[in-house]
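Me: Please show me the structure, and then let us work through a few questions about it together.

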Amino acid sequence: MMKLFESFEIKGMKLKNRIVMPPMCTTQAHAHDGIATVFHQAHYAARAIGGTGLIIVEATGISPEGRIMDADLGLWNDAQRDALVSVVEAVHHEGGKIAIQINHAGRKCAVTDGVSSIYGPGTVAFSSEYRKPQALTEKQIEGVLADFQAAARRADEAGFDAIELHAAHGYLINQFISPTVNTRTDAYGEPSLFLSRVIDAVRLVWPADKALWVRVSADSPQDYGMGHIISVLEKVKDKINAVNVSSGGVIPVPPAVFPGYQVPLARAVKDALGLPVMVVGILDAPDLAEYVLQNGDADLVCIGRALLRNPNWPLEAALGHHKALFESIPDYLRRGFHL
Ligand SMILES: Cc1cc2nc3c(=O)[nH]c(=O)nc-3n(C[C@H](O)[C@H](O)[C@H](O)COP(=O)(O)O)c2cc1C
């Protein structure tokens with residue numbers, strides 16, 4: 001049997017297979033209120049029906065200015081929490097587990113509707129297309145930590161199985177990690193401190209028996225490399241249950257991408273930390289994803305754009321390999337595969 005379809009467990013969260021839908025912003029909260037709609041329920045349930053073991057809901061803002069774009073999801077009020085309950089229930093009903101990626105966009109906030117100021121560790125804009133951020137004061141940082149905490153509490157109340165903290169792609173946590181972006185002279189100039197304090201704030205409300213992990217940009221071209229991110233992760237590894245390894249997005253330097261391009265980064269994080277690791281990046285070919293798992297480079301594979309194109313990617317990957325899976329799915333779906 002393919003390793004892709006072997007179960008895996010993170011902190012008591014039992015996954016039926018190794019296939020993860022990574023967080024992908026859908027920008028479908030058209031009212032700019034951060035509230036999930038029937039679209040989000042259908043979108044995530046479709047991937048659960050297609051066999052994805054773990055779904056990570058898109059970057060969800062912990063505050064209005066924590067969103068990346070106007071139509072992103074939010075989790076700074078109870079109405080947003082309540083709307084996510086049906087998304088969670090739909091995925092659970094189809095046998096999937098569901099996490100949510102909570103995020104503060106920092107200097108990469110492009111929200112215009114109702115957001116006049118954006119924030120970062122310093123005052124340098126991401127690029128000429130972005131607004132200039134205000135440097136967060138230590139008091140404002142306490143407010144951001146409280147927002148992360150409140151979002152985590154609401155995620156638990158909505159029934160999520162796990163939280164992913166977005167510490168990748170150049171958003172606020174990643175801005176503090178980056179030596180290029182974070183030139184602060186106070187205690188937060190230490191690259192791991194903000195991340196560590198976010199984890200502590202979340203841990204105070206997130207149940208001890210539920211999984212919590214971080215998504216990192218393991219490599220940031222012309223900024224930092226593996227040694228830096230591993231030293232940051234070493235400082236928090238006892239407080240997290242896994243790492244989702246990505247790269248780039250901190251400064252506007254486009255990375256070179258090709259199938260499996262982030263696999264060596266995932267391998268290095270796994271070897272250094274000994275925590276469960278998720279890998280991502282053009283793993284569209286099931287044989288490549290299987291190779292990565294068999295080789296022990298990562299424990300879970302994230303299938304992003306390929307799952308946008310085809311919600312049934314897991315079922316198609318299983319064709320001819322995993323008869324038992326097809327015995328467990330409804331007859332109508334089996335017939336869609338001519339079985
Ligand atoms: C439409 C779209 C939205 C994305 N939104 C997010 C996001 O909200 N959070 C995040 O960490 N990564 C985001 N990503 C990156 C994906 O999670 C993933 O890392 C990337 O697409 C590479 O994987 P793939 O080659 O399998 O698509 C997004 C990617 C796409 C295509």
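Me: How many disulfides does a search of the whole structure find?
Reply: A disulfide is a covalent bond between the sulfur atoms of two cysteines, and here it is counted when two cysteine sulfur atoms lie within 2.5 Å. Cysteine 25 is in no disulfide, since the nearest cysteine sulfur, that of cysteine 109, is 12 Å away. For cysteine 302 the nearest cysteine sulfur, that of cysteine 25, is 15 Å away. The number of disulfides found in the whole structure is zero.

Me: On what kind of model do these values rest, and how are residues numbered?
Reply: This is a predicted model, in which local features need pLDDT of at least 70 and side-chain atom pairs count only at pLDDT 80 or more, while totals for chains, interfaces and linings use all residues. Side-chain values use heavy atoms, with hydrogens and water left out, and residues are numbered along each chain as its sequence is written, from 1.

Me: Is cysteine 302 buried or exposed?
Reply: Buried means under 20% relative accessible area, exposed means over 50%, and partly exposed lies in between, using a 1.4 Å probe and protein chains only. The relative accessible area of cysteine 302 is 1%, so cysteine 302 is buried.

Me: Which strand pairs with strand 10 over six bridges?
Reply: Strands are DSSP runs of E with at least two residues, numbered from the N terminus, and two strands pair if DSSP finds at least two bridges between them. Strand 10 pairs in the parallel sense over four bridges with strand 11. The partner over six bridges, also in the parallel sense, is strand 9.
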